[in-house]
Amino acid sequence: MYLYKLLYLFFALLLPPISSSSSSFEAIESLSKRLDTQKSSSFVQEHAAKAVLERLLPTHLSSFEFKIIPKVVCGGKSCFWITNYKNSSTNSPEIIIRGTTAVEITSGLHWYLKYWCGAHISWDKTGGIQIASIPKSGALPRILKEEGVIIKRPVPWNYYQNVVTSSYSYVWWNWERWEKEIDWMALQGVNLPLAFTAQEAIWQKVFMGFNISKLELDDFFGGPAFLAWARMGNLHGWGGPLSQNWLDNQLGLQKQILSRMLELGMTPVLPSFSGNVPAALKKIYPSANITRLGEWNTVTGDPRWCCTFLLDPSDPLFIEIGEAFIKQQIKEYGDVTDIYNCDTFNENSPPTSDPEFISSLGSAVYKAMSKADKDAVWLMQGWLFYSDSSFWQPPQMKALLHSVPFGKMIVIDLFADVMPIWKSSSQFYGTPYLWCMLHNFGGNIEMYGTLDAVASGPIDARLSENSTMVGVGMCMEGIEQNPVVYELMSEMAFQSDKVNLEEWLKTYSIRRYGKADSEVQEAWEILHRTVYNCTDSIADHNIDFIVKLPDWDPSLRTTSHTKKKQMPRIFRPPKKRFSYHETTKPLPQSHLWYPTQDVIRALRLFLDAKQALAGSLTYRYDLVDLTRQVLSKYANQVYLDAIHAFRVNDTKTFNYQSQKFLQLIKDTEELLAADDNFLLGTWLESAKDLAMNHKERKQYEWNARTQVTMWFDSTKTVQSSLHDYANKFWSGLLGNYYLPRASMYFDHLSRSLTGNEDFKLKEWRREWIAYSNKWQRSNEPYPVKAEGDALAISSVLYEKYFG
């Protein structure tokens with residue numbers, strides 16, 4: 001311990017102090033100290049970190065030594081410390097990585113592999129890892145500084161997940177896939193992950209204690225692919241019921257997930273009671289203050305899945321149920337955390353804006369947690385302050401944020417990369433918060449990012465006056481896309497200063513592909529200032545016309561001899577959002593925030609590097625994704641050209657442009673079919689693999705198909721208002737869903753044009769909705785292995801459309 005005190009004094013002189021408001025950090029420091037006492041032993045954590053290394057780099061297991069150290073070494077903060085192993089011999093370790101937890105150790109391992117060995121780690125579905133650049137065991141690069149390199153977290157927490165990620169990305173995962181994800185979290189420095197699996201198994205046991213039967217719960221729980229929204233009280237019963245097999249297997253999986261998180265020194269965030277209750281509870285407790293909520297995105301308000309029931313937090317039964325839920329979690333999992341997520345008011349506004357009433361509601365929500373866990377801390381998404389900003393004015397915000405003791409609430413500034421709430425709310429009025437990047441909606445696949453904001457935003461927030469920022473995080477709705485964005489955001493958990501993106505991206509491309517290439521580096525310079533530099537403050541939910549075909553009647557209220565005008569082209573650098581003043585109906589708008597010709601140039605540069613980098617899986621993924629991006633944006637313009645021709649009764653041009661749009665879908669389908677990472681079959685087969693019998697297999701496949709297409713209910717002539725929300729650029733989905741839909745649409749337009757008659761919108765909807773519903777119920781298999789040469793296809797498509 002004397003040695004550690006000396007080290008503390010040494011490093012305290014070397015490293016700058018953290019700038020923040022003292023009260024927030026005192027509260028979080030007290031929480032951290034308490035949570036530290038719940039962490040696994042040093043032996044368990046060191047062994048867990050070693051196991052991560054063995055799964056990642058088994059050939060180098062003897063090259064590293066891992067050691068847990070106390071926070072006093074790092075001035076009371078979390079850190080990792082990389083040094084050379086002294087007196088190394090042939091069989092001894094080469095590098096020692098010390099850390100305050102196993103997560104810090106694995107973060108240090110990742111840091112060393114990145115910045116000394118030029119390696120790269122990303123999700124398997126975004127190209128996987130690049131470790132060919134790592135020297136053989138026995139020849140690892142030495143740390144030049146004799147005292148080594150120590151990196152401290154500038155803020156305590158690195159948060160991960162969104163409450164809907166469990167449905168958009170994790171829903172069909174088994175333990176093998178979860179183990180890979182937890183390894184990825186550990187290497188990225190995540191120490192505060194959501195752990196939302198198996199809530200329904202806990203609720204079954206809790207509600208049975210309130211005399212609610214399994215049959216009554218069947219109407220309460222959503223299907224596997226829609227659990228996130230059933231949990232939030234947006235819907236009930238849709239896609240269900242849940243079988244006992246599902247409930248039991250998910251509970252076993254959650255225990256494995258929590259066990260591994262704890263072994264690595266993570267603090268899992270468990271759910272708590274938000275007030276969402278089964279309809280049966282109202283019959284059992286008729287005097288309870290239970291109200292039925294309004295409809296949420298349904299077509300007809302069908303009571304089979306619409307309009308859930310909410311127990312008012314002011315009712316004594318709320319605290320009783322909330323306490324029972326947390327106690328049941330403790331009974332199942334042990335005392336694993338003090339941090340609980342609850343979003344009672346997420347897309348559900350309180351019945352009145354009276355601050356006193358709102359304060360009482362917040363106090364009751366917290367009391368339900370703290371009665372079961374006296375040290376409970378409420379982790380709340382700040383999304384409501386953005387999505388319902390007209391309701392949550394300063395008095396209402398303060399009432400909710402100050403309804404619990406200071407330090408007992410942490411707010412997630414969910415959309416800080418685009419719309420930071422901390423700036424407009426005086427640091428959430430003194431409440432500790434996490435600066436988070438939302439980035440992705442619906443698990444869509446689109447190249448997009450705000451890298452400049454990510455590289456500077458957390459630093460600006462932490463160093464701002466009276467800052468209450470206590471962490472960073474990633475809150476994407478879906479994962480496995482845009483790996484560059486997530487590597488940078490993860491690294492911000494350890495960056496004390498703003499990142500020089502020009503230099504960072506240059507080394508990123510070398511790490512990602514395993515070697516330097518001037519064409520690719522120039523391409524990344526272009527991508528940085530275009531695709532990855534969106535500054536229009538528009539939430540990037542992909543609405544490209546291939547995957548979200550506009551559902552509308554484009555007819556003009558004009559005569560057949562309407563004078564033709566040159567249509568503005570959105571496939572050029574826009575100065576502002578596209579507008580078209582020729583008609584009484586606005587044209588559909590896709591999201592375009594960069595000059596497309598520049599990105600076509602970046603694709604050309606990527607193709608020029610094909611010979612040098614063809615063997616790199618990460619390069620192949622990026623090339624396919626970039627080709628897909630360019631074709632998709634080009635298709636948007638082709639679609640609008642077809643619509644313009646339709647409006648001015650130009651049959652020849654309409655036929656040409658509509659067929660060109662359909663051909664673009666076919667060509668993109670062929671491209672994606674040649675890459676394992678863009679296959680619908682993988683999603684469907686993973687769903688079916690979790691089934692224990694034929695009935696479950698059929699149900700799970702319907703859930704999987706429905707989520708990525710129609711999403712929610714529809715009638716014969718009115719599609720779901722959430723259709724294509726979770727659209728995907730996947731082979732199989734393009735060829736067998738998006739292509740037939742677009743073909744039907746253009747056929748109806750063609751008939752209208754040639755017959756000189758009104759476009760029959762209802763007939764078109766009737767045809768394609770029937771097709772969609774049939775496809776959702778079908779069970780034809782799709783490939784899970786790629787076919788074709790993606791690099792060759794990309795080259796051909798470039799020459800075909802842009803050569």
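## Cysteines and their disulfides

C79 counts as buried, with a relative accessibility of 0%; buried here means under 20% relative accessible area, with exposed over 50% and partly exposed in between, using a 1.4 Å probe and protein chains only. This is a predicted model, in which local features need pLDDT of at least 70, side-chain atom pairs count only at pLDDT 80 or more, and totals for chains, interfaces and linings use all residues. Residues are numbered from 1 along each chain as its sequence is written, and side-chain values use heavy atoms, with hydrogens and water left out.

Let us see what C79 is joined to. A disulfide is a covalent bond between the sulfur atoms of two cysteines. In this report, a disulfide is a pair of cysteine sulfur atoms within 2.5 Å. C79 forms one with C74. By this rule, the count comes to 2 disulfides, and here they are:

| Disulfide | Sulfur to sulfur distance |
|---|---|
| C74 and C79 | 1.7 Å |
| C306 and C307 | 2.1 Å |

How are the bonded cysteines paired along the chain? Numbered in sequence order, they pair as 1-2, 3-4.

Now for the surroundings of these residues. C74 is buried at 2% relative accessibility. In the other pair, C306 is buried with a relative accessible area of 1%, and C307 is buried with 16%.
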